[in-house]
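This report covers a chain interface and some aromatic contacts. Please look over the model first.

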4 protein chains.
Amino acid sequence: MSLKVVIIGGGSSYTPEIIDGMIKRHHQFPVSEIVLVDIDEGERKQEIVANLAKRMIEDAKASIQIRYTKDRRKALQGADFVTTQIRVGGLKARALDESIPLKHGMIGQETNGAGGVFKAFRTIPVLLEIASDIHEICPNAWLVNFTNPAGIVTEAVMKHSQHQKVIGVCNIPYNMRSGIGEIFNVSADRVMIEFIGLNHFVFGKRVFIDGVDQTDEAMRHLIDDDLNYSPANIVSLPWNKNFLQSLNMLPNPYHQYYFQHEEILAKDLQAYRENGTRAEVVMEVENKLFEKYKNPNLKEKPQELEERGGAYYSESACSLMSSIYNNSMDVQTVNTLNKGSIPDLPSDAVIEVNSVISASGPMPLAIGPLPDTISGSIIQLKKFEQLVIDAAVTGDYRKAYASIIMNPLVTSDEKAQMVLDELLQAHKPYLAQFDKEVVNV
Amino acid sequence: MSLKVVIIGGGSSYTPEIIDGMIKRHHQFPVSEIVLVDIDEGERKQEIVANLAKRMIEDAKASIQIRYTKDRRKALQGADFVTTQIRVGGLKARALDESIPLKHGMIGQETNGAGGVFKAFRTIPVLLEIASDIHEICPNAWLVNFTNPAGIVTEAVMKHSQHQKVIGVCNIPYNMRSGIGEIFNVSADRVMIEFIGLNHFVFGKRVFIDGVDQTDEAMRHLIDDDLNYSPANIVSLPWNKNFLQSLNMLPNPYHQYYFQHEEILAKDLQAYRENGTRAEVVMEVENKLFEKYKNPNLKEKPQELEERGGAYYSESACSLMSSIYNNSMDVQTVNTLNKGSIPDLPSDAVIEVNSVISASGPMPLAIGPLPDTISGSIIQLKKFEQLVIDAAVTGDYRKAYASIIMNPLVTSDEKAQMVLDELLQAHKPYLAQFDKEVVNV
Amino acid sequence: MSLKVVIIGGGSSYTPEIIDGMIKRHHQFPVSEIVLVDIDEGERKQEIVANLAKRMIEDAKASIQIRYTKDRRKALQGADFVTTQIRVGGLKARALDESIPLKHGMIGQETNGAGGVFKAFRTIPVLLEIASDIHEICPNAWLVNFTNPAGIVTEAVMKHSQHQKVIGVCNIPYNMRSGIGEIFNVSADRVMIEFIGLNHFVFGKRVFIDGVDQTDEAMRHLIDDDLNYSPANIVSLPWNKNFLQSLNMLPNPYHQYYFQHEEILAKDLQAYRENGTRAEVVMEVENKLFEKYKNPNLKEKPQELEERGGAYYSESACSLMSSIYNNSMDVQTVNTLNKGSIPDLPSDAVIEVNSVISASGPMPLAIGPLPDTISGSIIQLKKFEQLVIDAAVTGDYRKAYASIIMNPLVTSDEKAQMVLDELLQAHKPYLAQFDKEVVNV
Amino acid sequence: MSLKVVIIGGGSSYTPEIIDGMIKRHHQFPVSEIVLVDIDEGERKQEIVANLAKRMIEDAKASIQIRYTKDRRKALQGADFVTTQIRVGGLKARALDESIPLKHGMIGQETNGAGGVFKAFRTIPVLLEIASDIHEICPNAWLVNFTNPAGIVTEAVMKHSQHQKVIGVCNIPYNMRSGIGEIFNVSADRVMIEFIGLNHFVFGKRVFIDGVDQTDEAMRHLIDDDLNYSPANIVSLPWNKNFLQSLNMLPNPYHQYYFQHEEILAKDLQAYRENGTRAEVVMEVENKLFEKYKNPNLKEKPQELEERGGAYYSESACSLMSSIYNNSMDVQTVNTLNKGSIPDLPSDAVIEVNSVISASGPMPLAIGPLPDTISGSIIQLKKFEQLVIDAAVTGDYRKAYASIIMNPLVTSDEKAQMVLDELLQAHKPYLAQFDKEVVNV
Ligand SMILES: [Mn+2]
Ligand SMILES: [Mn+2]
Ligand SMILES: [Mn+2]
Ligand SMILES: [Mn+2]
């Protein structure tokens, strides 16, 4: 029996991670074929990655076929799972998402603020095309989406594609479980966190070790021991103790953009002046990684990969695919339809939520009403996300403006227009839906 | 390490079922002590049951201590789990719940209609006392409630007791899974049904075999093959095909009272005229059972027990307790807080819902909005249940009247008063909360 | 300046009422032209009515032009208001709506139970056509809908027509205010009732005399003095005192079908056996009325018109049109979009609610959550209504079945099918949308 | 018949405004007695104001008795209306509310940001005492609250006082109608704006002139003609055109703090450096006003009063009291219970909403769901307001911290603590509820 996985964005430096994950899980998730797909710009990188993947598989003596192609539709034939780890416009586009807002004195970041909005604007149309292809060519395949902003993109597919078998994945929840595991000196799999919120805006409401509620203990540690969960790609500052005490929940590192806005902005501006954008830093890391990947003696993913900030992404994705394949009914944290899990949010919104993973996909656990402290912020962010989706699919300038000005990291009506217009101009090649509008600006 | 279970209503004829369940599960749920508790009226029956239990345990070579007592508070000391299978007023009270409405030409049934309301009125105060004792004496113990109307009683405890570790159990969901398993020729554990609704008013929205959606196939079978799930204690008629097609969900047998109202009423009235109440039939069955139980050579639960209609109750309760004990994180169907699982119902309402069972109790799976066809009925029933609870805890005559007249099986404002007044009079010894009111009538 | 009113269903015996209303209000609502529209079957009646109307206007020396036609689209040109008082299939169809359910031992009534469902099935497609014509020909005109079931029909237009300027009217709210006025010995215009609910399922939650809350006093009167609001067209029984006390609101006469189900059914069955359907009684009343109308000396609406049960309908409609015309900003009770007025119901549902009447239409007053006692019933009825609308516009047999079985006056799954099939057959000429389905039955 | 109004905070410089309003309305709102009440600090000012009031009344030949006192409870005897226009801590406290946040580089303003939070913390306990006195002494009296933050304070009374007859008043809605009236060249009473939102965070969703929807025209004017509604007390900048186009609603001037955050902060900081706080400016204006008031020849409110920023406050309050007195059933914009008017907000939240004013108080008009663009912001602000109320009544430090950090104008977790601690210290005499907490800090 065949089991085929298609990796769209196969030339990503992360690909060896996911290959490694599939090798390790081969006994329970017996993939027989992996096809990497990329576009012209990723062609050479994809070749390098594919060759490394072949060496890794050979070394592990796993019976997995590796292929790579630029023909997406052909690749999709017979696929059981499709993962997307694309970056529309590449790291150059990310550099613009970061630098343009920063030039105007506002947060310029990959998935937050005006930069995050434009990453969504560029990505959503491409993901909708991919979903459409899947629905036509391999309608039973699950689309496992890594591409950021993962929550927004997943909701866009749910709302605007016929293909409903889509799940968004982020490594933050696993990072947080892992961090809590370290504190309690247990492995991550003994930690359950009741997550509540949205991708990159998720809180840990309750902490369980072996099923026993240890939230108070966890909060005590966090407050007293300055625990730090931050993934590599975001600046990290310690939290004010009163913030943690008032919240009485685990924040995630991205919350710093919202609740340490002033300090993070100052740090980011300084870093930008000194080293340019984070995108430029990443480009260098990537270049070095690909140099390593070329090494014909390299037969496993190199250590340096973890520096990239995406550690555990592949872990999350592989264990998700395996649980669907095996109807495992275990609990994993994914981006999927709310369905009342948080009754304050629309049932058809995508949230990041603990879900039982079955052969028919994720079934979210109900959480109940949002805690008073953070309900306003979470609802506001979700409404913002929906403005983004609406603008991304319609290409309506006013909706785009609305999504920018309603972002909590955008500081004024005037600046909203400036960054909107500059980003529309800068990303023009990837924003066909706004064509009519951009002319008018 | 000790593991103590207290069975309140120990003299119930069902007790050997649950003893049997605990013996079978002893390897994974190593109960060290079982204490049966009953009141004066159950004293002799409890002794008989306890002796049978001892023989069963001895025969099985399980190391479980059995004791029995009338001192509930003493029994609760050190308890880990408390199950309640009481019947306030005994089968005599049930006979009144059945006969008084029937005399007025209305459905007279144990858990539905005016009879069900009065079972709740009698039971809720007692369960609140038990919950209060648990909260004081063994606050970490889980209260596993079998007593009907299980959904209403569980919500009453959740809303009016400090003890929040309470779970309601019914065998209908397991019966339905088992019935579907027979159709598909697989064991019940390979069947998952997405249940939606309330105890005794639950529907099977989707059917999965090994995680794969087989709802259409299941509905086809139901419509073509006249599948029948009915437990022993309710009259069973086949469903109209159009009803099943319009519903496109699995009904449960109790739905007949609502959607075959006229026919069931006719049948029940005839049965009542010919054989008296169901309670009286059960009394005979019980008498025979207890005669069997006395037999010193009997070392296992007798076959006849299944006739009683409560098959799988103990199955459900034992596997629930075992999963809590082991933090199993498997999915079971229980009566617990909604928490948004059905966003059309209040978050703090109790519903019957698939839940992941952890050491911290059940975590319900979110289902999403109620299907149009049945949303009105389910919401209406839940509102009715809440009127019942409100009347039961306040002893307010007008609220009691409201709960009766708003029950869909009660046919007029005049008859509502008649059955209300007669049932208040008939059950006076068990309705201290209504004392002031009953005098006024 | 011209002000044109089109009356669709101009041959109705009620028309002289509305003509009378427009004559009396001519100083504030200066109608210059009234066009009656009817179909072939109403041609002769319309002529009689038009001639009476001319005599009434002449007698009153009002400068209103009267015309009548069968060409609806032509009549609509330049219209400012369009009223609809049609009866699709005429009184013969009503006789079937009444008799077929009664033959099966179920409530057979014009606007409730299975009969009401079929009145909706026949009426909705016609009203949607009218609304479509209005939207095309006179898009600024208000559609004031008298046709029953007025709430359901109005919601159908709101949801399935582009023409959103539609308001449903019923005389029950005015009747209730008038009844309360009699009790308090004040005129109806000094009475305000906070209505809550749906057309023909509306309750009076609070009673104000000159703005002062007199609800308790009103309830006391109702309970002690056996006040009776019943319009002529429905059987009337006194309410059980405990019902009124538990409700603590004013019921409307149609509530008897739901809360005195058994007694009303018995009475209706007896009446049917003795005198045939209510439709047949009405036919005779109408014949006599039209004989009167022909009298060339008759120059005002005859007394007998009030027997018809529609008293105050024209009052309600004329004062509504006048307030829109004058932007009066007074409060009237109409069927319009909920918009949160009752937050437990969808914002886009039509409810019967006190509304400020402006030149831009009705603005409903917010009421707040439904009282516990009746929230279940009201939500259930609204969901039922939405099943009816869904079936009416799709012509889907399963949806039609669902709407019938979910009606609280339908007593079983088998009978649901019988009355559905018989009514579909009986009304075939008026149910083109079900054509495909009826063949299959 | 007597009609008594009590003005708490009688020494306010605004009092002559309200006296003027009552004189002008004397024919329809025949006040027979006005009692001014103030505390020691306001004693001399109150005397001055009372004397001016007497001269005004004498000059107008109105038969109104004026008295003033420091004995609030005595003053309340027999009161029909009580207005509150107090400022707990006086303008000195306001100066601290403004300066402390500004020193930390954050918005320091009377009703927004951390300053607004502390105004609520100081005011809520006093208003709850007043409401408690009213409930005891003159339970039928309406409390008309001018005191800011008027929406938050009104909700606090609704939720934490037995006295439910309370209405909050602000002049912004009238200012906006008046501004629109100027554009359309009609008087304000011909303008209706459909307001949606919260006090100082209200939007004008639709504009009607004589009941006809002119929203598009109004937006066109606003965008093309740089219309400006700003009251005197807040800095005013023009809006970005795209902001207005995206919003497609009328913003109110306080929205600048949120949507022109950066620019307003810069302006406010500069103004603060140059002229000190707005409070200090107001102190001077007040001193000059009181010098005028002392003039025994002054017999009317002086022109300079309008500079104060509170123009139309008295207009709003007097017309509100008059409409209650007369059961006028006209539409006014007040702060009252939501009741579903905006179904996205809790029914028991206070919102600023068009309401029909009856003898039984305001009945809000239902609006329907919040527009997508601003629903997130409005919900977030309401949740923030509820955190403020919760902290104000409990005196819980963590809740106070939560309310500060969740305010959109507070820029970081660290700064949240700094301004919280400094403001708690600075306002200690007025924050008895935080006593325990402040010690701990
Ligand atoms: Mn992520
Ligand atoms: Mn059961
Ligand atoms: Mn009617
Ligand atoms: Mn204000």
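## Interface area

About 1,800 Å² is buried between chain A and chain B, and carbon and sulfur atoms give 61% of that area. Buried area here is the accessible area (1.4 Å probe) that two parts lose on being put together, summed over both. A:Lys339, A:Met363 and A:Ala366 supply 26% of the area that chain A buries against chain B, more than any other three residues.

This is a predicted model: local features need pLDDT of at least 70, side-chain atom pairs count only at pLDDT 80 or more, and totals for chains, interfaces and linings use all residues. Side-chain values use heavy atoms, without hydrogens and water.

## Contacts across the interface

In chain A, 26 residues are in contact with 26 residues of chain B (heavy atoms within 4.5 Å). The side of chain A that touches chain B divides into 14 nonpolar, 8 polar and 4 charged residues. Gly counts as polar in this division.

The rule finds 0 salt bridges between the chains (a side-chain nitrogen of Lys or Arg within 4 Å of a carboxyl oxygen of Asp or Glu).

## Aromatic pairs

Over all chains, the structure holds 44 aromatic pairs. Ring centres must lie within 6.5 Å; planes under 30 degrees apart count as stacked, over 60 as edge-to-face and the rest as tilted. B:Phe201 and B:Phe259 form a tilted pair, 6.3 Å centre to centre with 45 degrees between the planes.

How values were computed
Residues are numbered from 1 along each chain as its sequence is written. Chains are lettered from A and ligands numbered from 1 in the order in which they are written. Rings of Phe, Tyr and Trp (its six-membered ring) pair if their centres lie within 6.5 Å; planes under 30 degrees apart count as stacked, over 60 as edge-to-face and the rest as tilted.
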